[in-house]
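Keep the model open beside you as we go.

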Amino acid sequence: MEYSALINAVGVWFYSVATDRYLYLLRNDSKNPGCWGLPGGKVDFGENLNEALQRECHEEIGLWPDVIKLVPIEKFTSIDNHFSYHTFFCLVDKEFVPVLNNEHYGYSWIKSGVWPKPLHPGLWTTINFEEILKKIDTIKKFQISQCETN
């Protein structure tokens, strides 16, 4: 039996509290060219998920913004258990301008409830899980209530 190490990857879905919009990146790769997705990528040896998330953001969007809250919202594992993708939801105060590397053609901050097309297949699957959308809504409502009480 051949041994294959687990490949872990991470992605982050940024949400601006000030504008009620999400950040999407237009991919420039051979596997899913022209699809809208999230910043992220493979976890390097010795990194934890948070370190990988921050490194990937520095590489792909030029920064790790000031974060209000970072919450894991989904873990997808391939049927052969050789690949896991960890999606995080990240609240930020306001939109920022990403400085893109060559992995993406462009970016857009898009209103909540509107989906750019075509979506990366993995992200399309994520947004079609009612439990994930409910979790995101709960996080947003909690954060808004916290802001109102402060």
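A pocket, as the word is used here, is an open set of grid points with protein on both sides within 12 Å along at least five of seven lines. What you're looking at is a predicted model, and its largest pocket holds about 800 Å³ of space.

The lining of the largest pocket is made up of 26 residues, and R27, N32, F83, Y85 and H120 are the ones nearest the centre. Strand 4 (40–42), helix 1 (49–61), strand 5 (69–77), strand 6 (83–92) and helix 2 (121–127) each supply two or more residues to that lining. Helix 2 is the biggest giver, with five residues.

Now find H104, which sits in strand 7 (residues 104–111). Is H104 buried or exposed? The cut-off for buried is under 20% relative accessible area, and H104 counts as buried because its relative accessibility is 8%. Setting aside residues up to four places away in sequence, H104 touches L25, L26, R27, N28 and E60. One of those, R27, also came up among the pocket-lining residues nearest the centre.

Next, the nonpolar packing. The largest nonpolar core has 18 residues, and those touching the most other members are W13, Y22, Y24, I73, F89 and I136. Two or more residues each come from strand 1 (7–16), strand 2 (21–27), strand 5, strand 6, helix 2 and helix 3 (130–149). Take Y22 as a place to look around: beyond its neighbours within four places in sequence, Y22 is in contact with W13, F14, Y15, F89, S108, W109, I110, S112, I136 and K140. Another core, of 16 residues, lies apart from this one, and its members include V12, L23, W64 and F88.

Last stop, the cysteines. How many disulfides are there? The count is zero. A disulfide here needs two cysteine sulfur atoms within 2.5 Å. For C35, the nearest cysteine sulfur belongs to C57 and is 19 Å away, and C35 is in no disulfide. C57 is in no disulfide either, with the nearest cysteine sulfur, that of C90, 7.8 Å away.

How values were computed
Residues numbered from 1 in each chain as written. Predicted model: local features only at pLDDT ≥ 70, side-chain atom pairs only at ≥ 80, totals over all residues. Heavy atoms only, no water. 1 Å grid on protein atoms, 1.4 Å probe; cavity = no way out; pocket = protein on both sides within 12 Å on 5 of 7 lines; lining within 4 Å. Points joined across faces, edges and corners; volume = space filled by probe spheres on them. Helix = DSSP H or I, 4+ residues; strand = E, 2+ residues; numbered from the N terminus. Buried < 20%, exposed > 50% of the residue type's maximum accessible area, 1.4 Å probe, protein only. Contact = heavy atoms within 4.5 Å. Core = buried A, V, L, I, M, F, W, Y, C linked by side-chain atoms within 4.5 Å.
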